Amino acid sequence: LSQAMAEHLLRMSGVRVPNESWQAANVPLHLQMRFEIVDAKGNILKQGRDLKQLQQGLESSVEASISQAPEHGFEQANITAWDFGTLPESLELELEQNGITLIGYPALSVEGKNLALRLFSSKEKAQAVMPAGLCQLYKMQLNEPLKYLRRKLPNIQKLCLAYHRIDNCAKLKEDLIDATIFACFIRDKDLPQDRERFYKQLELGKSQLIEQGNHLSALLEKILTHHQAIQVRIKGNIGLNQLDAIAEIKEQLAHLIYAGFLPQTPQENLRHYPRYLQAILRRLESLKRAPTKDRQHRLTLQPLWQACKTQLEKQRNRPLEQQPELETLRWMLEELRVSLFAQQLGTTAPISVKRIEKQLQRLKTSE
């Protein structure tokens with residue numbers, strides 16, 4: 001609609017209205033498109049004005065229909081090797097009811113302890129599950145090297161003790177292995193679509209396993225050391241004028257360090273964690289001396305962080321690294337925290353409230 005209106009206004013006035021000038025959120029409801037989703041008999045299943053929300057609410061129904069499509073013969077269970085040929089970008093499936101054509105998007109899907117080849121209702125959902133599926137398949141091909149790596153992870157008992165409030169030792173070891181697999185074979189690499197590419201990447205990455213595993217263990221030790229120091233500080237005697245700041249710090253930590261954060265966070269971001277945590281420690285040091293200053297910084301930060309959290313919640317089923325504008329915003333906010341509360345530690349790039357507001361606008365425009 002905005003494109004059609006821009007073209008019409010250009011013909012009328014000779015002025016082109018830029019895309020970012022249209023404020024779709026401010027259009028009155030009665031001027032927004034209303035959608036109805038109907039079944040094969042014409043019954044309305046859902047209706048509303050947010051098409052993405054309607055589609056997401058019916059994903060499971062679409063995937064059930066895809067699975068029941070006659071003789072597509074594509075999906076497989078109990079995958080243990082790349083023996084299923086080339087993965088197409090999508091598959092068209094004819095349903096018997098009313099000759100409806102559905103499009104399925106293939107991906108490797110982890111199902112408990114097993115791995116399956118499945119078709120999903122959207123490209124985004126297939127892209128969301130594929131990295132974890134590939135990680136599982138690489139692990140299946142690397143039994144012996146990974147047995148050795150598990151035995152040789154440095155300082156693992158010390159790490160387990162520091163991690164016990166987050167998750168158990170067995171899960172930590174598996175997270176370290178998964179993070180190593182992601183670093184060696186998946187992250188920042190073109191995902192394989194055929195057997196040849198898969199096994200080529202397997203050979204290229206095998207030699208990096210031990211080095212990457214050791215590097216991640218050393219980085220995790222720094223992270224957990226700072227994390228423990230913070231936990232000690234925020235469990236001490238807290239004045240009433242510090243409670244809001246402590247609550248905000250706890251929320252920040254919950255978004256940084258949680259069960260599974262290690263494989264889910266790219267190393268490019270993970271390597272900055274020690275600085276982020278040092279910034280929290282510096283903030284706690286100055287909080288007792290200058291609670292009013294902390295409050296001023298907090299008021300600057302809160303609306304920006306709330307806007308980011310809203311977007312993270314909307315996109316919670318998609319990996320953050322597959323959403324570049326939101327990913328940029330998320331880590332810009334961590335840099336802003338460093339700038340506000342521990343400026344002496346420095347930031348990776350110039351950062352300001354104005355820059356983050358511009359990034360928020362870019363994110364909204366890209367939706």
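At 55% relative accessibility, Asn-78 counts as exposed (over 50% relative accessible area; buried means under 20%, and partly exposed is in between, with a 1.4 Å probe and protein chains only). Asn-78 sits in the loop between helix H3 (59-68) and strand E3 (91-94), and its phi is positive, about 55°, although Asn-78 is not a glycine. Asp-188 is another non-glycine residue with a positive phi, near 65°. Its spot is the loop between helix H7 (169-186) and helix H8 (195-206), and with a relative accessible area of 80% Asp-188 is exposed.

This is a predicted model, so to speak of local features takes pLDDT of at least 70, side-chain atom pairs count only at pLDDT 80 or more, and totals for chains, interfaces and linings use all residues. Residues are numbered from 1 along each chain as its sequence is written, and side-chain values use heavy atoms, with hydrogens and water left out.

Zooming out, the chain has 16 helices and five strands (DSSP runs numbered from the N terminus: H or I of at least four residues for helices, E of at least two for strands). Buried residues make up 40% of the 367 residues.

Now for a helix pair. The axes of H14 (residues 291-314) and H15 (residues 324-341) come within 10 Å and cross at roughly 170° (lines fitted to C-alpha atoms over the stretch in contact, with angles from 0 to 180 degrees between N-to-C directions). H14 and H15 are therefore roughly antiparallel, a label for angles over 145 degrees. Residues making the contact (heavy atoms within 4.5 Å) include Leu-301 and Trp-305 of H14 and Leu-333 and Phe-341 of H15.

Key
Angles under 35 degrees count as roughly parallel, over 145 as roughly antiparallel, 65 to 115 as roughly perpendicular and the rest as oblique.
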